[in-house]
Amino acid sequence: MRIAILSRNPRLYSTRRLVEAGEARGHIVDVLDPLRCYMNINARESSIHMKGKDLPQYDAIIPRIGASITFFGTAVLRQFEMIGTYPLNESVAISRSRDKLRSLQLLSRKGIGLPTTGFASQPQDIPDLIEMVGGAPLVIKLLEGTQGIGVVLAETRQAAESVIEAFMGLESHIMVQEYIKEAGGADIRCFVIGDKVIAAMKRQAKPGEFRSNLHRGGSASLVKLTPAERATAVKAAKTMGLNVAGVDILRSNHGPLVMEVNSSPGLEGIEGATGKDVADQIISFIEKNAKANKTRTKGKG
């Protein structure tokens, strides 16, 4: 097969591992910078170009689209989908998962456990918003934030009001969530491929920090999941429509709570913590499903 990886940096660990895994299984793997791709959209034969040339036909495409280029990246991915390339994750599913508020609304509708979350736009609603999530301490999140950036723990009501007012004054969209104290600054990253959790790790925040992101100095270790945690992770990924996802779960006194569903989960932390060849399992999944996609496409023709 000929596989393309949409990635801005071929030297990134996740991109390198996917290239290695694909080539080890006998495939041709190209890394394409999505911002260097441009599109010819017409009624006869749409195409994708790069550096003045028409790109070849790929059997499958692996989107590794950063949050800052979601709009253009998903537009490029849609163009590949239009010409019959099998996407590991579909553009509509990536867009859905990148909208944090919409994600929570969809998960809530499916009855998936979540931290109580509040969302408002007017300063006069702040007192009720704080009460809604159980009062302080509480967590305030920028909807556009990634890797723990734009996430604030407000330990008192006064601090919460001040931070929320400041964000609203800057016309930033924020959501307010209950603080799950019993999680102890740890969460669980479940790596879902298809209908299975193929690897999981516990991420523990460094002392004095409540955000467990590895980018913020958190540590990763092996963890044994409960059946409820496995089922929650798979259901969350399916609700978003993602074939491959990193589902972040908190352990609470009332069961597993989903914090986020990531459409481009990194491989370095999970492979290092578990010793599993996650990249190889991704390529294996593509092999099975790209063939089925090609058969369906031919059938339609």
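Modeller: Asp 277 forms a salt bridge with Arg 17, and their closest N and O atoms are 2.6 Å apart. This is a predicted model. Asp 277 lies in the loop between helix H8 (268-274) and helix H9 (278-300), while Arg 17 lies in helix H1 (residues 13-24), so the pair ties together parts that are 260 residues apart in sequence. The two ends differ in cover. Arg 17 is buried, because its relative accessibility is 14% and the cut-off for buried is under 20%. Asp 277 is partly exposed, with a relative accessible area of 37%. The pair also belongs to a network of salt bridges that links Arg 17, Glu 20, Glu 271 and Asp 277.

Now move to Arg 25. Asp 280 forms a salt bridge with Arg 25, with 3.0 Å between the closest N and O atoms. Asp 280 lies in helix H9 and Arg 25 in the loop between H1 and strand S2 (28-32), so this pair ties together parts that are 255 residues apart in sequence. Asp 280 is partly exposed, at 24% relative accessible area. Arg 25 is partly exposed too, with 32%.

Glu 287 also forms a salt bridge with Arg 25. Here the closest N and O atoms are 2.8 Å apart. Glu 287 lies in helix H9, and Arg 25 in the loop between H1 and S2, so the parts tied together are 262 residues apart in sequence. Glu 287 counts as buried, at 15% relative accessibility. For the model, the count comes to 13 salt bridges.

Next, the sheet. Three strands form an open sheet in the order S3-S4-S5, with antiparallel pairing. Strand S3 (37-40) and strand S5 (53-54) stand at the edges with a single partner strand each, so one side of each has no neighbour in the sheet. S3 and strand S4 (residues 47-50) run antiparallel and are joined by four bridges. Asn 40 has Ser 47 in S4 as its bridge partner. Helix H2 (residues 70-82) packs on the sheet and touches S3 and S4. The direction of H2 makes about 50° with that of S3.

Helix H2 also holds Phe 71. Phe 71 counts as exposed, because its relative accessibility is 71% and exposed means over 50%. Together, Leu 35, Phe 71 and Phe 72 make a nonpolar surface patch of about 320 Å².

Key:
Residues are numbered from 1 along each chain as its sequence is written. This is a predicted model: local features need pLDDT of at least 70, side-chain atom pairs count only at pLDDT 80 or more; totals for chains, interfaces and linings use all residues. Side-chain values use heavy atoms; hydrogens and water are left out. Two strands pair if DSSP finds at least two bridges between them. Helices (H or I, at least four residues) and strands (E, at least two) are DSSP runs, numbered from the N terminus. Contact means heavy atoms within 4.5 Å. Axes are lines fitted to C-alpha atoms, for helices over the stretch in contact, and angles run from 0 to 180 degrees between N-to-C directions. Patches are made of residues with over 30% relative accessible area and no salt bridge: like charges are joined within 9 Å, nonpolar side chains (Val, Leu, Ile, Met, Phe, Trp, Tyr) within 5 Å. Accessible areas come from the Shrake-Rupley method with a 1.4 Å probe; for residues, only the protein chains shown count as cover. A salt bridge is a side-chain nitrogen of Lys or Arg within 4 Å of a carboxyl oxygen of Asp or Glu. Buried means under 20% relative accessible area, exposed over 50%, partly exposed in between (1.4 Å probe, protein chains only).
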